[in-house]
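Here's a quick briefing on one model, put together for someone who likes to know the cut-offs. Have a look at the structure, then read on.

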Amino acid sequence: MDVSDEESSTPDDAHQRPAGISDKTVEALGALSKALETTERARGALYTFHQLTGTADFQIGDAVRLLREAGHTDEADTIERDLLGRNVIPGHWTFQIIEAYNETYYRPFTTLERQLVQDLAQGRDHLLEAELKTTRRPKGGSPKETPGHTAP
């Protein structure tokens, strides 16, 4: 980044508000972006759930093996029959929950969000955040005097 970019108080071209886009449209796209970020976090929680449940299932398998080695065959058989590899909800393992979430909610959301940003903001992401960065930068000093405060 050259010095002129660092000294600019406005967002770079990729984050400039297109002509004719209203404050409410920028605000609405910002709200949609925030909702997508929340959805990304929810999806990550599903993957955490998936991995933790899978790890627990392998640990249950270890417990079954150890119970057998300790001579507790009936108890090992009960755990193996009633718990090992069990569905987490009727008819579904965790990977199937993730697949259904992705197909039913996540992919349609990301597709629609992309389309709206393209249609309403010429494909320019994070306009609200870029404008917030501009208005929230320190006053009275250039970015050169305050490292880390450059425009997007």
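Throughout, a residue is called buried under 20% relative accessible area, exposed over 50%, and partly exposed in between (1.4 Å probe, protein chains only). Arg 65, at 39% relative accessibility, is therefore partly exposed. Keep in mind that this is a predicted model, in which local features need pLDDT of at least 70 and side-chain atom pairs count only at pLDDT 80 or more, while totals for chains, interfaces and linings use all residues. Residues are numbered from 1 along each chain as its sequence is written, and side-chain values use heavy atoms, with hydrogens and water left out.

**Overall layout**

- The chain has five helices and zero strands; helices (H or I, at least four residues) and strands (E, at least two) are DSSP runs, numbered from the N terminus.
- Going along the sequence, the pattern reads α-α-α-α-α.
- The chain has 152 residues, and 19% of them count as buried.

**The largest pocket**

- Two or more lining residues come from each of α2 (23-69) and α4 (94-121).
- The top contributor to the lining is α2, with seven residues.
- By type, the lining splits into seven nonpolar, six polar and two charged residues. Here Ala, Val, Leu, Ile, Met, Phe, Trp, Tyr, Cys and Pro count as nonpolar, Asp, Glu, Lys and Arg as charged, and the others, Gly among them, as polar.

**A nonpolar patch**

- Val 88 sits in the loop between α3 (73-82) and α4, and counts as partly exposed because its relative accessibility is 34%.

**Salt bridges**

- A salt bridge is a side-chain nitrogen of Lys or Arg within 4 Å of a carboxyl oxygen of Asp or Glu, and the whole structure has ten salt bridges.
- Asp 23 pairs with Arg 17 at 2.7 Å, N to O. Asp 23 is exposed at 56%, while Arg 17 is partly exposed at 26%.
- A salt-bridge network links Arg 17, Asp 23 and Glu 131.
- Glu 69 and Arg 65 also form a salt bridge, with their closest N and O atoms 3.2 Å apart. Both residues lie in helix α2, four residues apart, about one turn of the helix. Glu 69 is exposed at 57%.
- Arg 81 bridges to Asp 82 at 3.1 Å, N to O. Arg 81 is exposed at 60%, and Asp 82 is partly exposed at 36%.

**Contacts across the sequence**

- Ala 130 lies in helix α5 (residues 127-136) and is buried, with 4% relative accessible area.
- Ala 130 and Pro 11 are 119 residues apart in sequence, yet 6.1 Å apart in space, C-alpha to C-alpha.
- Gly 20, in the loop between α1 (3-7) and α2, is exposed at 85% relative accessibility.
- Gly 20 and Ala 121 are 101 residues apart in sequence and 9.5 Å apart in space, C-alpha to C-alpha.

**Backbone worth a look**

- Most residues other than glycine have a negative phi.
- Gln 122, in the loop between α4 and α5, has a positive phi near 55°.
- His 126 lies in the loop between α4 and α5 and has a positive phi of about 55°, although it is not a glycine. His 126 is partly exposed, at 38%.
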